[in-house]
2 protein chains.
Amino acid sequence: MLYLIGIGLDKEDISTRALKAVKKCKEVYLEKYTCNFPYSDSELSRVLGKKVLAVNREFVENASELLEKAKKKDIALLVYGDPLIATTHLALLQEARKKKVRTEVIHNISVLNAITQTGLEAYKFGRVTSIPTWQDNYRPTSFYDILKENQKINAHTLFLLDIGLELEDAISYLVKVSTDRGEGAFTKKTPCIACSCLGTSKQKIKFATAEKLARLKLHKPISLIVPAHLHFVEEAYLKRFKF
Amino acid sequence: MLYLIGIGLDKEDISTRALKAVKKCKEVYLEKYTCNFPYSDSELSRVLGKKVLAVNREFVENASELLEKAKKKDIALLVYGDPLIATTHLALLQEARKKKVRTEVIHNISVLNAITQTGLEAYKFGRVTSIPTWQDNYRPTSFYDILKENQKINAHTLFLLDIGLELEDAISYLVKVSTDRGEGAFTKKTPCIACSCLGTSKQKIKFATAEKLARLKLHKPISLIVPAHLHFVEEAYLKRFKF
């Protein structure tokens, strides 16, 4: 049996159900390559009461070794956040099905849950997107298209920033694409919400113009929200994050 | 201190962090009026190691008694799913702030996490909406407008069905509004996904035309998804739910 287990955002987010599953497992793997981890492996081991083995992307994506093991014994693959939200493990679940390996998914909270701490209505968010780090020859702009689409239907936009990407750079990309296209979807004056380490004890939420937010030095992981038209309840709540 | 604690979807979804908080609390209240509860209070008490007191809407919304208590001692308010997603408790948090009562929010999974079990990409969902039970003089259609808006930007739409509302009725509302307006946004032939008891051990997912789904008898809570254009990975995964 393969347990695909979300461990949430902070070190004690793991559920009672997940802890029970981990106890049954002979081996507990930890997928660590998808985010800047906010706590150490040994802290996690302490909460789980079990040693965890960090694995790389290849081990997870080229799933044969993992599934061979899971055929013979109970093993767990721990994933930061929710196991089906950011890096969806659907391909792994499909492969397991083909090989007749039983699987169980145990969800946990992701940034999509924690953004409600901003006071923005969860039901008013449109499509979520991520901002990758631009390279010389690789400057995707699809995140800007998602913003424009969400704006069309008056929905908030959540941008997840790539590992290592600074808020200042993410904001400069948005301004650049908008300016290059001669559109006003995002300017230096756009009010935005920056979130740092959401869902952890280090969480910070800041509300200001893009220009002002770009000057902040925030711990990673960082997310950025461009709100749609604010409801007065949202506006009243957001005030506490203004600076 | 007031702990606002999400208990997730099934009875052992509660997190280690939440269990620690509950242990400190003198009184543990349970908000039970927002959904068809999938397990009993005593099952929950057993997991928590503490007696829970079910409270009504008035107790939570007219927060003065709750906040007076929280001023003097640690108390917990347990909420099904995530405490800031469906019934957002932002008004309660605002009121607590005014009265200088400390609060801590502990998130948990909601249906928004569990819908990823369908194989649909979380980032491709647009705005979420709910379908209320129609009364003689009260027939809101805003859920249909949200569908149309999401369709504009090629996003999946998740409908949460009101307590007590049958899938058959929800589908008939959608067909009726679409027909009345002379639009084809939703017809009997629209492929949809019906989800029953998502995130619990009784979970069922079914994929078929609206017409075919309407004939199913499903346990509540029920949600309905109208997918946008499917990616081939989504399509391959969804096959397992076809009937």
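With which residue does B:Glu95 form a salt bridge? The partner is B:Lys98, and the closest N and O atoms of the two are 3.8 Å apart. This is a predicted model. B:Glu95 and B:Lys98 lie three residues apart in helix H5 of chain B, so about one helical turn separates them. B:Glu95 is partly exposed, with a relative accessible area of 27%, whereas B:Lys98, at 66%, counts as exposed.

A:Arg57 and A:Glu61 form a salt bridge in which the closest N and O atoms are 3.6 Å apart. They are four residues apart in helix H3 (residues 57–61) of chain A, and therefore about one helical turn separates them. A:Arg57 has 41% relative accessibility and counts as partly exposed; A:Glu61, at 54%, counts as exposed.

The salt bridge between the side chains of B:Arg17 and B:Glu104 (3.0 Å, N to O) links distant parts of the chain, with B:Arg17 in helix H1 and B:Glu104 in strand E5 (residues 103–106) of chain B, 87 residues apart. B:Arg17 is partly exposed at 22% relative accessibility, and B:Glu104 is partly exposed at 25%. In chain A, salt bridges link A:Glu27, A:Lys69 and A:Lys73 in a network. Over all chains the structure holds 32 salt bridges.

In helix H4 (residues 64–72) of chain B, the buried residues are B:Leu66, B:Leu67 and B:Ala70. These residues are on the same side of H4(B) because they cover an arc of only 90° around the axis. The elements of chain B against which they pack are strands E1 (2–6), E2 (27–31) and E4 (75–79), together with helices H3 (57–61) and H5 (90–98).

The last topic is the interface. Chain B and chain A each bring 47 residues to their contact. Between them they bury about 4,300 Å², of which 54% is on carbon and sulfur atoms. B:Tyr123, B:Arg127 and B:Ile153 supply 18% of the area that chain B buries against chain A, more than any other three residues.

Two salt bridges are counted between the chains. In one salt bridge, the side chains of B:Lys20 and A:Glu12 meet at 2.7 Å, N to O. Across the interface, 21 residue pairs are in polar contact. Several helices of chain B, including H1 (16–24), H5 and H7 (142–152), each supply at least two residues of the side that touches chain A. By class, that side of chain B has 21 nonpolar, 15 polar and 11 charged residues.

Key: Residues are numbered from 1 along each chain as its sequence is written. Chains are lettered from A and ligands numbered from 1 in the order in which they are written. This is a predicted model: local features need pLDDT of at least 70, side-chain atom pairs count only at pLDDT 80 or more; totals for chains, interfaces and linings use all residues. Side-chain values use heavy atoms; hydrogens and water are left out. Buried means under 20% relative accessible area, exposed over 50%, partly exposed in between (1.4 Å probe, protein chains only). The arc is that of the directions from the helix axis to the C-beta atoms. Contact means heavy atoms within 4.5 Å. Buried area is the accessible area (1.4 Å probe) that two parts lose on being put together, summed over both. A salt bridge is a side-chain nitrogen of Lys or Arg within 4 Å of a carboxyl oxygen of Asp or Glu. A polar contact is a pair of N or O atoms within 3.5 Å; within protein, one must be able to donate a hydrogen and the other to accept it, and residues adjacent in sequence count only if both atoms are side-chain atoms. Ala, Val, Leu, Ile, Met, Phe, Trp, Tyr, Cys and Pro count as nonpolar, Asp, Glu, Lys and Arg as charged, and the others, Gly among them, as polar.
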